[in-house]
Amino acid sequence: MTTTSRLLTLLSLLQARRDWPGGLLASRLGVSDRTVRRDVERLREMGYRIQATTGLDGGYRLESGSELPPLLFDEDQTVAVALALRTAPALGAGIGEAAARALATIRQVMPSRLRHRLDALTPTVVGHPGDAAAADVSLEVLSTLANAIRDSVTLRFDYGEARDADAAGSAPARRAEPHHLVASGGRWYLVAWDLDRDDWRLYRVDRVRPRLPAGAPFTRRTVPGGDVDAFVSARFRGSDSAAWPCRGSVVLDLPASAVAPFAGDGTVTPLDDGHCRLEAGSWSWTALAASFGRFDAELDVIGPPELADAFALLAARYARAGTG
């Protein structure tokens, strides 16, 4: 390993955890403790603030500084950062231009072998059918919300479409305790406890216009279930739990191989060469019945009775539509 490669590896290790015993660093790098001390001094000369820790397992700690020293990445880190910048516009955070400029800066100083490696990675970010276009979100608004979350201070804001800004400005501000920012499907959402509605809410960040100054500090609550991912996924499903509020099963006159690609989060069980069982969920019984009907095949309802009733309701509704 060359000195340059070793310095990059040492810096990467120091960035990966807060404290490193000197002996463990030497072991990971395959060098002596003396060499580690010399390499640490080289990094300090480049501007990296590396503190020596004392004690039985004395070692080193990388701290933030007042200036940005040269950013040294190993090859995998360089490609990972460049790839992240290339796909950043899909987040819909208004950072497309800045990401493109940052990518151009990194690519310009890349060795030829890394440029070829990066150029081979040209992903196309494609949304799922039915996904809305990425919403334009202000980085300033994102930063304001993130600061309120970090500082646990009540957020005061107007909420609605941009064209309603003037009307919203004359109305009382909404008040909420912000907890998390979530990116999904090209949109950003704020998870917060609404103080006026006394309930959890999901707000689209592109519709949030913060009012300053912020409100009073608050004691953080725990989202229902304790898992933000599961909570937000449940709200997208129209439920307060991770499971669909309505679940049922049918037997379809189709082979499992023909159903599985279109089953979404449903469970497909083969019964024989021409039949399978499909268990799935939805936000209502009629929506679930309609989702089973999209397979355009004969089917038998296994249960529950609410699903059979929903099929009867749809049959009557479709019959009226057909004669109207």
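Visitor: What should I keep in mind about the model and its numbering?

Guide: The model is predicted, so local features need pLDDT of at least 70 and side-chain atom pairs count only at pLDDT 80 or more, whereas totals for chains, interfaces and linings use all residues. Residues are numbered from 1 along each chain as its sequence is written, and side-chain values use heavy atoms, with hydrogens and water left out.

Visitor: How many salt bridges are there by this rule?

Guide: A salt bridge is a side-chain nitrogen of Lys or Arg within 4 Å of a carboxyl oxygen of Asp or Glu, and by this rule the count is twelve. Arg6, Asp39 and Arg42 are linked in a network of such bridges.

Visitor: Which residue forms a salt bridge with glutamate 177?

Guide: The partner is arginine 221, with the closest N and O atoms 2.9 Å apart. Arginine 221 lies in the loop between strand S8 (208–211) and helix H9 (228–236) and glutamate 177 in strand S5, so the pair ties together parts 44 residues apart in sequence; helices (H or I, at least four residues) and strands (E, at least two) are DSSP runs, numbered from the N terminus.

Visitor: Is glutamate 177 buried or exposed?

Guide: Buried means under 20% relative accessible area, exposed over 50%, and partly exposed in between (1.4 Å probe, protein chains only). Glutamate 177, at 7%, counts as buried, while arginine 221, at 36%, is partly exposed.

Visitor: What does aspartate 196 pair with?

Guide: Aspartate 196 forms a salt bridge with arginine 175, their closest N and O atoms being 3.0 Å apart.
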